[in-house]
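This briefing concerns one protein model. The sequence and structure are shown first, and the notes that follow are grouped by topic.

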Amino acid sequence: MLRYFKKYVWAAYALSVLIPAASLAAFSVVMGGNVVKTLPGLFSSLMLFFACLYVMPRLMGQLADRKAEQLVSVYNDGCDPDAFRAQAAAPARAIGEPYTEAGSWFLSFYALALADGGQVEEAARIGEGLSASAAQAEGEGERAALLVNMEPVVQRLLGERPALGAVEEAERLLEGDASAEAVQRRKFLAWERGVLEARLSGDDGLLASKLAHVRETDGYPLRMRVLAAADEAAACRRQGDGARERECLRFVVEHGNRLPAVPAARARLAELGE
């Protein structure tokens, strides 16, 4: 859970006290006496209190996580980095170093959105914090999670080779871990490694094929599909495939909303006579 949303947990503890107190007060009025003074009343009071203490923090924790996901969705699904930066600024400021897994997850998107808006120095500051937090992580699983979260930021700010280094280090840390979470992360890392190696080797055919898979798959966030389409268009241009380049550029323009890739795609389409 992000530190900014800890207020939901404090509210949960307050409700864990207020709900039993209000219920008992109402019941006492109905019964014409203080029910807590009786053994059944005392037992019921304690049971209600502990039930609320168990349930309410969990419900509020889930609400806090949904709030964070809804914020990120403004960027990932709405493709609106400006709105995301405005709404995410306060939660991002509340995240202190060293970053937790949840904090690094949120800040990775915030750093990318900052870079989209030209705030590269601020994005780089967050990137340095992500790197330092990964280095300080005690467990291999936690460090791997931080590396996975920071990889897109490393790729955006430093390029493919440092990003490949982060991918390979995370893969090493996750080797032999049979948990479902680790398996999912290894799949992501294997995919990223394939894309990065294709970029570094200049294999535009392989790169375009991998990017096309992302563009055409609804399961990916729309922002990732748009960025994949923009990169695929560039690869197709280098290959001389004008028809496929146009298809990718149209996808960027139609779905990219406020992403920086959209003006560049429009300009290129204009060059192509569209």
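Leaving aside neighbours within four places in sequence, E274 is in contact with R246, R250 and L269, where contact means heavy atoms within 4.5 Å. The model is predicted: local features need pLDDT of at least 70, side-chain atom pairs count only at pLDDT 80 or more, and totals for chains, interfaces and linings use all residues. Residues are numbered from 1 along each chain as its sequence is written, and side-chain values use heavy atoms, with hydrogens and water left out.

**Chain end**
- E274 lies in the segment after α12 (261-271); helices (H or I, at least four residues) and strands (E, at least two) are DSSP runs, numbered from the N terminus.
- E274 and R246 are 28 residues apart along the chain, and their C-alpha atoms are separated by 8.9 Å.
- E274 counts as partly exposed because its relative accessibility is 45%; buried means under 20% relative accessible area, exposed over 50%, and partly exposed in between (1.4 Å probe, protein chains only).

**Overall architecture**
- The protein chain has 12 helices and 0 strands.
- Of the 274 residues in the protein chain, 41% are buried.
- Among contacts in the protein chain between residues at least 6 apart in sequence, 59% join residues at least 24 apart.

**Packing of α4 and α6**
- The axes of helix α4 (residues 101-116) and helix α6 (residues 140-158) come within 8 Å and cross at roughly 10°; axes are lines fitted to C-alpha atoms, for helices over the stretch in contact, and angles run from 0 to 180 degrees between N-to-C directions.
- Helices α4 and α6 are therefore roughly parallel to each other (angles under 35 degrees count as roughly parallel, over 145 as roughly antiparallel, 65 to 115 as roughly perpendicular and the rest as oblique).
- On the α4 side the contact includes W105 and L112, and on the α6 side it includes P152 and R156.
- The residues of this contact divide into 9 nonpolar, 3 polar and 3 charged; Ala, Val, Leu, Ile, Met, Phe, Trp, Tyr, Cys and Pro count as nonpolar, Asp, Glu, Lys and Arg as charged, and the others, Gly among them, as polar.

**Largest pocket**
- The largest pocket has a volume of about 1,500 Å³, a volume being the space filled by probe spheres set on grid points joined across faces, edges and corners.
- A pocket is an open set of points on a 1 Å grid over the protein atoms alone, where a 1.4 Å probe fits, with protein on both sides within 12 Å along at least five of seven lines; lining residues have an atom within 4 Å of a point.
- Its lining comprises 43 residues, of which P152, F188, E192, R223 and M224 lie nearest the centre.
- Helix α8 gives the most to this lining, with 9 residues.
- By class, the lining has 25 nonpolar, 5 polar and 13 charged residues.

**L222 and its surroundings**
- L222 lies in helix α10 and is partly exposed, with a relative accessible area of 22%.
- L222 and D77 are 145 residues apart in sequence, yet 5.1 Å apart in space, C-alpha to C-alpha.
- Not counting residues up to four places away in sequence, L222 touches N76, D77, C79, F251 and H255.

**Backbone features**
- Most residues other than glycine have a negative phi, and most peptide bonds are trans.
- A cis peptide bond joins E97 and P98, with omega about -5°.
- C79, in the loop between α2 and α3, has a positive phi near 55° and is buried at 0% relative accessibility.
- N257 has a positive phi near 50° and is partly exposed, with a relative accessible area of 45%.
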